[in-house]
Amino acid sequence: IALNINYKDEFIKYININNLFYDILGEDKNRFLIRIKKDNFNKNDAYNLLINNYKNYKTLGITDSYFDYEMIKSCDIKIAMINGDNKIKEIADYITEYDNNSFGAIKILKKICHQ
């Protein structure tokens with residue numbers, strides 16, 4: 001999940017309240033990238049929390065799984081991993097050049113953010 005750095009503390013509080021484990025994969029002055037490490041983490045719940053609290057911001061979703069279809073179709077910017085499900089690719093605004101094993105999500109975020 002990539003978020004504006006201003007929401008880092010609030011989102012980590014949400015993660016901790018819900019007993020989720022995470023890694024912060026990187027951050028700069030504007031945003032941070034966090035990976036949730038729990039199998040039963042509900043992305044739709046996290047997405048809805050963010051959408052309801054930050055209505056004036058655009059959302060970006062990255063996935064390779066059809067299980068994320070409901071979440072990704074609601075995002076302003078939809079990104080499918082190259083090895084992703086075809087239904088996800090059909091609605092994607094972007095398809096990565098690399099899969100998750102090759103840091104495809106991070107590479108497309110850098111490309112979109114012009115780094």
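I34 touches I1, F11, I12, I15, Y22, D23, I24 and L25, leaving aside residues up to four places away in sequence; contact means heavy atoms within 4.5 Å. The model is predicted, so local features need pLDDT of at least 70 and side-chain atom pairs count only at pLDDT 80 or more, while totals for chains, interfaces and linings use all residues. Residues are numbered from 1 along each chain as its sequence is written, and side-chain values use heavy atoms, without hydrogens and water.

**Nonpolar core**
- In the largest nonpolar core, which has 14 residues, F11, I15 and I34 touch the most other members.
- Such a core is a set of buried (under 20% relative accessible area, 1.4 Å probe, protein chains only) Ala, Val, Leu, Ile, Met, Phe, Trp, Tyr and Cys residues joined through side-chain atoms within 4.5 Å.
- At least two residues of this core come from each of α1 (8-17), β3 (31-36) and α2 (43-53); helices (H or I, at least four residues) and strands (E, at least two) are DSSP runs, numbered from the N terminus.
- The largest share, 4 residues, is supplied by α1.

**Helices α1 and α2**
- E10, F11 and Y14 in α1 meet D45, A46, L49, L50 and N53 in α2.

**Residue K107**
- K107 lies in helix α5 (residues 104-112).
- Y98 and S102 are touched by K107, not counting residues up to four places away in sequence.
- K107 and E70 are 37 residues apart in sequence and 24 Å apart in space, C-alpha to C-alpha.

Terms used
Buried < 20%, exposed > 50% of the residue type's maximum accessible area, 1.4 Å probe, protein only.
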